Amino acid sequence: MKVSMLRSAVAIGLSACLYTASVNAQLDPLTVQIQPQAQSSLLVDIAKAGDKLVAVGQRGHVLVLDQQWQQVASPVVTQLTNVFFLNEKLGWAVGHDATIIHTNDGGLTWSLQMESTVLEKPFLDVRFFSEQQGVAIGAYGLFYRTEDGGKTWHDEFHQELLFEEDVAYLNELKQEDEELYLSERAALLPHFNRIINLDADRLLLVGELGLVAVSNDMGRTFERVDFDYDGSMFNAITHGEDVYVMGLRGHVFKASNALNDWQQIELPVESSINGALVDGDDLYLVGNAGIILKIDGDKAELVARRQGENIVSVAKNNKGEIWFAGTKGLFQLPK
Amino acid sequence: MLEKLVNSFETHLFRNRMWVIISFIFITVFLGYQASQLKMDAAFSKNIPLNHTYMQTYTKHQKDFGGANGIMVAVEDTSGNIFNPVFFDTLKKVHDELFFIDGVERSQVKSLYSPSTRFTEVVEDGFAGGPVIPADFRTDEYGLAVVRDNIEKAGIVGRLIANDYSAAMLSAQLMDFDPDTGEALNTIEFANELEQKLRGQFENDNIKIHIIGFAKMAGDVADGAKGVLLFFLIAIVITAVMVYLFSKSIMLTVLPLMCSLMAVIWQLGLLTVVGFGLDPMSILVPFLVFAIGVSHGVQMINAVRRRVIDGQATKAAAASAFRSLLVPGGVALLSDTVGFLTLLAIDIGIIRELAISASLGVGVIILTNLILLPLVISYTNLSNAEQNPVQKQKIENIWRSLSKFATPKYAVIVLTCTAVLYVVGFMKATEMKIGDLKGGAPALHQDSRYNLDTFFITDHFSITTDVMTVIVEAEPEACTYHSMLSQIDQFEWMVGNTPGVESTASLASIAKAVNAGFNEGNPKWQILPRTTASLVQAVGQVPTTSGLLNGNCSVMPVYLFLKDHKAETIEVVVNKVKQVAAELNSDKLQFKLASGPVGVMAATNEAVSEAQLPMMIYVYGAVFILCLISFKSLKATIAVIIPLYVVSTLAQALMTMLDIGLAVSTLPVIALGVGIGVDYGIYILSTMSNKLSNGMAVQQAYFEALVERGSAVIFTGLTLAIGVSTWFFSALKFQMDMGILLTFMFLVNMLGAIIILPALSALFWRKAS
């Protein structure tokens, strides 16, 4: 449904772009951004940066927890979707309009590395393997790589993740109409939602339409894993020897490191699962409809259910505080 | 010349006194009949400043988005859990009953049972959804479980269902006019129907019905206003006793009271004649008319009696009293009338009605108490009236002591004290708050059923009646452009970050949520898509019944839910809205204040505070000119006005101290107070000014004025104050506030006239003394 919608949208989208030229010239962007409600409105990811936590969300909001949460200026106003810290200083955050921003002081100041409204796609995750090498992934197979710490970014097209019938269709189109081929190609891959390290050399990519794939070459090529659910997977996490992937409508699957023994974990709820945290021996999952679950082996237990909000991310700092982020901002569970 | 005119008027009048009295009786019968036809009448539109810019926006879009005239009905299960068959059966009946009450805009009735209450959920292949209460719903265990699930999915907890599942909400918008007959909705009748058909029929030990909304409030105010009748009777009794103590004559007690009641009858009758109803908010006017009537009646009987004691025949005494009081009394009453008429300058229907009904009533008093009363008295025989010489001496001693205020020595002390009081009062008065200062309906007490219902609803639901709506006017199809919706989104965000704003809603924020829905419910997609096609897809899911957009989405309201409706809160939010709107407004898109209950309050507050100064200027201007005409002396005029002004300022300081806000109900009090307070000064100074211009010393002139009118002035002040102070026990909060303020104005104005006025005279005419 989404794919076909986008096809028809391309032409109209161009005209709409012309219309957006003079958006909000009048209001000072920083004034708009730094507002008291930032902490209690949509925030979608929290990452650990040394002793600090850094949260990102709508309108380019970035908040840093040292002693208390403090909003810091960010160079963008579009929604950020993910934040990643390589160490306590170096971090990247990505978002809509193919935005990538970077910090080298643990999240206090940020600079813009990439932004493209023309792409009309959001990045949904970012991961660095070293100070120089990293990838940013997103909607419709969006995949960018840097070899210089983010100074320059280059796109990669992961044809190997296309469905067979789409490959044939694209090849046909390439002969007839180069332009149409490119625009179609840009919409045929599923969303790439999350990329994690299984170990130092193996990457796991999860995404839309039951996409679960591994890469042994730092994401240059992927191979789909056998997986018999075709709903979206939003997140993945390793816990001891096990790998968990999770996504639409309470679907959570567990496999060993070999990824050949998927097993569904029955949840007491049907909400989509967005975020996960390993805390010692415990695995916590959070998701829509305000649910917080604890996974113990194959059993899932509902820890809390918060009314009227969706929870997207969870993280723990060095003080042992567990923070959640979601549609109503940041919160901790009452003790 | 004036004297000549008065004399010839008196001659004609007293020559035909029978005919005059008979015609008064006929008029009273006619107007009495008219008065009996008078109906209680309350209309929402009367309470708002319709020409204020906010209200023009409000009226313009009222048809599409409803206005502020809605009602909410919360059906509570006293067990604390609604998921039982009895509750759902009752809820269904309440829904049906409400739907069919005349005056309800049927397309806008919302509850669990309305077909527009649906849920949507994301499934693997798109969306699934349906009505929250399925067509085959049965109130059995399974059915209730399904509904409970659907309620969660529909996200209506807090809106249509209480946060703790103890109650369910129904809401409806009211029509201003009956679509069949075209007649204006009878709000009070509507409120009665709500009371009987909903609460009367369905409330029992297990089910409680909470109803709020303007119509219900008006109904409750009307009920409370019925208690006014009791206060009226109490006041009549108190006044009668006081007048008797004053006059020591049953005849002289009955006559001024009768004439004053006649004025009330005329005033009520005239209301019907000019096509008004009796609005609960101006139910106090007849009372005021009575009080003012008695005040002038007492002056009249006092004057007649003094002349009879001096040896005149009753008829001659009445005629002479008529001659001496027609001008000062007439001027005083005319100042009252003009004072009340100045309230017409305020563009709020109910205040204008008050202005007209009060000025009619006071105008009528000129006829009943200055003309009819002496004519009737002239038929009585007061020859047995006499005054105990010892008592007379005692009273004269009092007047002698009081007259010291007119000596320079005491005048300095009095005026210094007055100046200090004024400065302190002025400082307090500048802190006077505008608008309603407390939660719930300000006209009613905090522990009234209506306000308890309000508190129940605000405690158990995440909704509030404190909603201000900013209307976004744009070009047709504006919602299909990212730039337009993102302007709205920015506006909503900036205003949402204002202290006092609890939450917000607009098409932009809903479109973001819907867009997340289209992307598998993933909150990371909670954005406004840049492409028109995706925007259309998101916006297309939002029906016009949501109140978030009109048919061609050229109008999109932004709802601001405030923490309360205190004037400070409203002002902060309104200022922020104006500031952000000024930055974001363009040819293509404008943010306009305001609709919703708080939008109306914002307009009312602004209208009231803007009206305050002009109203004062007009009232004082009118009093000034009338005094100048009658006294022909600037000094005399100023001597009357300064005490009045000091007292008005002190009254405002009192409002600050008692937390009484300047509102539609309290604004007229100042004008009424000035109008009534001026009587005292005019009566005293009119006696003095003749003597002063003849060269009499100030103290002596004041002493003689006191002998002639002092007891009537003091007596009147006390009587009126005691009468209105009974309002203190009223079921209506605004009546209590008015009671406090009027008691203060009556008493302190009287004190001003006998203490400050002579002191000022001593200052102004010091050469003569």
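Colleague: Which residue in the turn between strand 14 and strand 15 of chain A has a positive phi?
Modeller: L209(A), with a phi of about 55 degrees. That turn belongs to a hairpin with 3 residues between strand 14 and strand 15 of chain A. Strands (E, at least two residues) and helices (H or I, at least four) are DSSP runs numbered from the N terminus.

Colleague: What sort of model is this, and how is it numbered?
Modeller: It is a predicted model, in which local features need pLDDT of at least 70 and side-chain atom pairs count only at pLDDT 80 or more, while totals for chains, interfaces and linings use all residues. Residues are numbered from 1 along each chain as its sequence is written, and chains are lettered from A and ligands numbered from 1 in the order in which they are written.

Colleague: How many helices and strands does chain A come to?
Modeller: 4 helices and 27 strands. Its radius of gyration is 20 Å, close to the 20 Å from the globule rule for 335 residues, so chain A is as compact as a globular protein of that length. The radius is taken over C-alpha atoms, and the rule is 2.2 Å times the number of residues to the power 0.38. Buried residues are 45% of the chain A total.

Colleague: Switching to chain B. In what order do the 4 strands of the open sheet come?
Modeller: 2-5-1-6, with antiparallel pairing. Strand 2 (104-110) and strand 6 (207-213) of chain B each have a single partner, so one side of each is left without a neighbour in the sheet. Strand 1 (residues 70-77) and strand 5 (residues 167-174) of chain B pair over 7 bridges, and I71(B) has A172(B) as its bridge partner.

Colleague: Which helix lies across strand 1, strand 2, strand 5 and strand 6 of chain B?
Modeller: Helix 4 (residues 85-100), running at about 160 degrees to strand 1 of chain B. Angles run from 0 to 180 degrees between N-to-C directions, and axes are lines fitted to C-alpha atoms, for helices over the stretch in contact.

Colleague: Last one. At what angle do helix 8 and helix 11 of chain B cross?
Modeller: Roughly 145 degrees, and the axes of helix 8 (residues 250-274) and helix 11 (residues 349-377) of chain B come within 8 Å. W266(B) of helix 8 and L360(B) of helix 11 are among the residues making the contact; contact means C-beta atoms, placed from the backbone, within 7 Å.

Conventions: Pairing = 2+ DSSP bridges. Contact = placed C-beta atoms within 7 Å. Buried ≥ 20, exposed ≤ 12 C-beta atoms within 10 Å, placed from the backbone.
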